Amino acid sequence: IPNNHVTTSDINLATKTYGPDVATLKGKTTRTNPPPVINDLIEIPDELIALQEDVTISIDGLTVNSLQLLSTISHNLYYRTAQYVSRPIASVYATCMTEIMSIYKSGGF
């Protein structure tokens, strides 16, 4: 190309600076398969469950983006839950607390 002041060293420098063309890389590469999910559940020793048998739970109601939630945290286990509250009435809160208690009972507490 006449009167072009761009040299091959300029092109090589630009390739080193900016890297390869991203659109070309995205079009020519294929997705790799993700690694399989490993189930890493462990059994909690009976001694630890016996030490944490009495669970104290603190609850609080909060609103996030106009959604009402019931948040709980256990004092010794530091296990936190958040449940959606459809209406702020006692029967809905009682249902939420029953569900939370069933979670703890299924864990052996």
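Q: What should I know about the model before I start?
A: Residues are numbered from 1 along each chain as its sequence is written, and side-chain values use heavy atoms, with hydrogens and water left out. In this predicted model, local features need pLDDT of at least 70, side-chain atom pairs count only at pLDDT 80 or more, and totals for chains, interfaces and linings use all residues.

Q: How is pLDDT read, and which elements have the lowest and highest mean here?
A: pLDDT is the predictor's confidence in each residue, from 0 to 100. Where pLDDT is low, the predicted coordinates should not be read in detail. The protein chain has a mean of 87, and 100% of its residues reach 70 or more. Among the elements, helix α2 (residues 22–28) has the lowest mean, 79, and strand β2 (residues 67–74) the highest, 94.

Q: In what order do the elements run?
A: Helices (H or I, at least four residues) and strands (E, at least two) are DSSP runs, numbered from the N terminus. The protein chain has four helices and three strands, in the order α-α-α-β-β-β-α.

Q: What does the radius of gyration say here?
A: The radius is taken over C-alpha atoms, and the globule rule is 2.2 Å times the number of residues to the power 0.38. A compact globule of 109 residues would come near 13 Å, but the protein chain has 29 Å. Its C-alpha atoms fill a box of roughly 85 × 40 × 25 Å along the principal axes.

Q: How much of the protein chain is buried?
A: Buried means under 20% relative accessible area (1.4 Å probe, protein chains only). Here 12% of the 109 residues count as buried.

Notes
Buried < 20%, exposed > 50% of the residue type's maximum accessible area, 1.4 Å probe, protein only.
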